[in-house]
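Trainee: May we go through the side-chain contacts of this structure together, one at a time?

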Amino acid sequence: MSNAGTTLYDKLIRAYEERPPVLATEETSSLSTRRGKAFEQFREKGFPTIKDEDWRFTNMAPFLKDAYDISIPELADKSILKELIRKNTVEGWDAYQVVLVNGRIDLSLSELPGEIGVTVRPLAEVTHSETFTHYAGRHLQTEGYPFSAANTAFFEDGLFVEVKKGIKAEKPLHILHLYTAEVPAFFQPRHLVILHSHAELHFMESTACVKGEAAVLVNTVLECALEDGAQLTHYVLQSGRKGERLVSHTQVSQARNSRYDNVTISLPEADLIRNQLQVTLDGSGSECHLYGLYLPNNQQLIDNHTLVDHIHPHCESNELYKGVLQGSSRAVFNGKIFVRQAAQKTNAFQQNNNLLLGDKALVHSKPQLEIFADDVKCSHGSTIGQFNPESLFYLRARGIGEEKAKEMLVQAFGADITERVSSAPVQKHLEKHLLRERPVTNLQDVAHIEHI
Amino acid sequence: MLSIRNLHAEVEEKKILKGINLQVNAGEVHAIMGPNGSGKSSLASVLSGRDSYRVTNGQVLLDGKDLLDMSPEVRAREGVFLAFQYPVEIPGVSNINFLKTAVSEIRAHRGLPPLEAREFLRLSKERQALVEFDAGLVNRSLNEGFSGGEKKRNEIFQLAMLEPRLAILDETDSGLDIDALRIVSGAVNKLRSADNAFIIITHYQRLLEYIVPDFVHVLYDGRIVRSGTKELALELEEKGYDWLKETMQENATAQQIVI
């Protein structure tokens, strides 16, 4: 009950208790049981504080103070949304565009796939289905994850994607999450992506917020289930504006011989981005590849918590997260890998590299490996450094100005991540965003720690 | 073109250059030789503007302009080029984009528009041929995974692209096999003109068989102790640097006696 006094907490508790009984009875018993349990967890613990180990360096208190509206506000002017969509469209990428406004699919702005075997629907339409009951919440944890618990207790809608057995989706999906708010608003969208055995899908999520000053707090939960041999490629581009706070929890469950690729790029501007990415390798021969690039500036905070759980033998996980920190920004990287006793012949690699450019920038990097099996190959590492002065001098000695040279070095640093994107137009789109958000390198010389 | 007067410099409080005087005119090739630690590479670093060096006294003028007052990039744009002894590897920066940026910045400084893509490509192909530089390397990340010889050839390829007025080659011959040495020297000889000048820093006389210098200077303990023509290099090769050190010490002793 640590933050029972916060306005948002009180509002949520009241809303749950006062919700119309019809809503509760409409749902399947398994979902309402789950909601009830999650709600109790949330009611007991409240929002996390810096006393919680997982939130030691990410203080939510300043982001919970606003008088958030928890009922979804009216949609903004569609023309503003269209402008936002235009800005976020990936040039030259032939993809179905699925637009969610404030966490709900807007059919008038979307082009849903017409392919046989590929379904995209509002989540609210499937919560009664057996498929939903079977897949939702399979590995998602709510105990000890207050945001995931709150989302589970309260979610109303979001995105449902299903790719049937053996179907390789011909065109990728570009999912645009747009948020509009004239007053402070709190959103809790919920998404479920299911790939049946040997199905394949590429999708990219972009997040954008309509201009304005109002605080927007988004608490997203995404669950991805990959059956035997399924392959899911998932790109995430998080861009925002001042006042925007993004909290996300992604749970990926992988059956045998499945493959999951994730590239997450977090651009500056949003006040706070906290990503919780958890992958459960729940079948032998499965593999996941997680890449991240985060670029906080000014007073912003970007926190990436990842967890890869190796349960079975012969699985592989690769993870590389890189950060460029400017101004007085802060970043957190916390990467956990569990290798359980049965998970022999595991390959698990994890690396986190940071470039500290602002003289007040701060990064907390914590790679963690917990290994209970004895025949495994695992490594992890972390670096925090500055520009290599020799590289900078080399570029300048060829006539390239200091600012431009620094910009080139930052891009080179990030290239390790952007190069992981297999689609050329998406890669170009990401690089364009990186360039637009290119660091204002007004750094002074700080004693360097380690050169990268 | 370049005039160095009484140049003193130190690095981390340690005096490295103790009064260098050197005049380099357009069309000339100067070789600077000397034992390890004599200050040869330090001179190259000071001229190109490496910031770990502090100039404590003296003056360097490039075509009458105060070189020491300029940032490294401005020196490069004004026509100074340093071929690095140890070219750095920069993963993620493509060789060709890097060169394109460098060429554009130098041209902009001279009030010229950027080269058209096609013209740049033509120039790049032509200059690659000059140093027999593998086209595959041009599109790779800057020096990443290059062999020692490939890195040195890349330096000369850049030199050929940027067409500096004053090129300083810092031990470009070290780590080169005889074939690479011939290619690099051949390129330098083709690039020599009445308008540019070269300062060639080398430990061995070998390179000077291929690039024949107009003048040879011997650097010892931060000073030029001898200057002469190409025959001086041969004499050094024959007698070794110990000979030089002995004569220097004799002189020093003689001076002390006089005092």
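This is a predicted model: local features need pLDDT of at least 70, side-chain atom pairs count only at pLDDT 80 or more; totals for chains, interfaces and linings use all residues.

Mentor: Residues are numbered from 1 along each chain as its sequence is written, chains are lettered from A and ligands numbered from 1 in the order in which they are written, and side-chain values use heavy atoms, with hydrogens and water left out.

Trainee: Which kind of aromatic pair do A:F42 and A:F47 form?

Mentor: Rings of Phe, Tyr and Trp (its six-membered ring) pair if their centres lie within 6.5 Å; planes under 30 degrees apart count as stacked, over 60 as edge-to-face and the rest as tilted. The centres of A:F42 and A:F47 are 5.0 Å apart, with 80° between the planes. The pair is therefore edge-to-face.

Trainee: How many residues apart in sequence are the parts that A:W55 and A:F147 tie together?

Mentor: The rings of A:W55 and A:F147 form a tilted pair, 5.4 Å centre to centre with 40° between the planes. Helices (H or I, at least four residues) and strands (E, at least two) are DSSP runs, numbered from the N terminus. A:W55 lies in the loop between helix 3 (29-45) and helix 4 (78-88) of chain A and A:F147 in helix 6 (residues 146-154) of chain A, so the parts tied together are 92 residues apart.

Trainee: Which residues have the most contacts inside the largest nonpolar core?

Mentor: A nonpolar core is a set of buried Ala, Val, Leu, Ile, Met, Phe, Trp, Tyr and Cys residues joined through side-chain atoms within 4.5 Å; buried means under 20% relative accessible area, exposed over 50%, partly exposed in between (1.4 Å probe, protein chains only). The largest such core has 115 residues, and helix 8 (residues 402-418) of chain A gives the most to this core, with 7 residues. Those with the most contacts inside the core are B:L2 and B:I199.

Trainee: What area do chain B and chain A bury between them?

Mentor: In terms of contact (heavy atoms within 4.5 Å), 28 residues of chain B meet 17 residues of chain A. Buried area is the accessible area (1.4 Å probe) that two parts lose on being put together, summed over both. On the chain B side, B:E73, B:F84 and B:V88 lose the most, together 26% of what that side buries. Carbon and sulfur atoms carry 65% of the total, which is about 1,900 Å².

Trainee: How far apart are N and O in the salt bridge of A:E390 and B:R50?

Mentor: A salt bridge is a side-chain nitrogen of Lys or Arg within 4 Å of a carboxyl oxygen of Asp or Glu. The count between chain B and chain A is 3. For the side chains of A:E390 and B:R50, the N to O distance is 2.5 Å.
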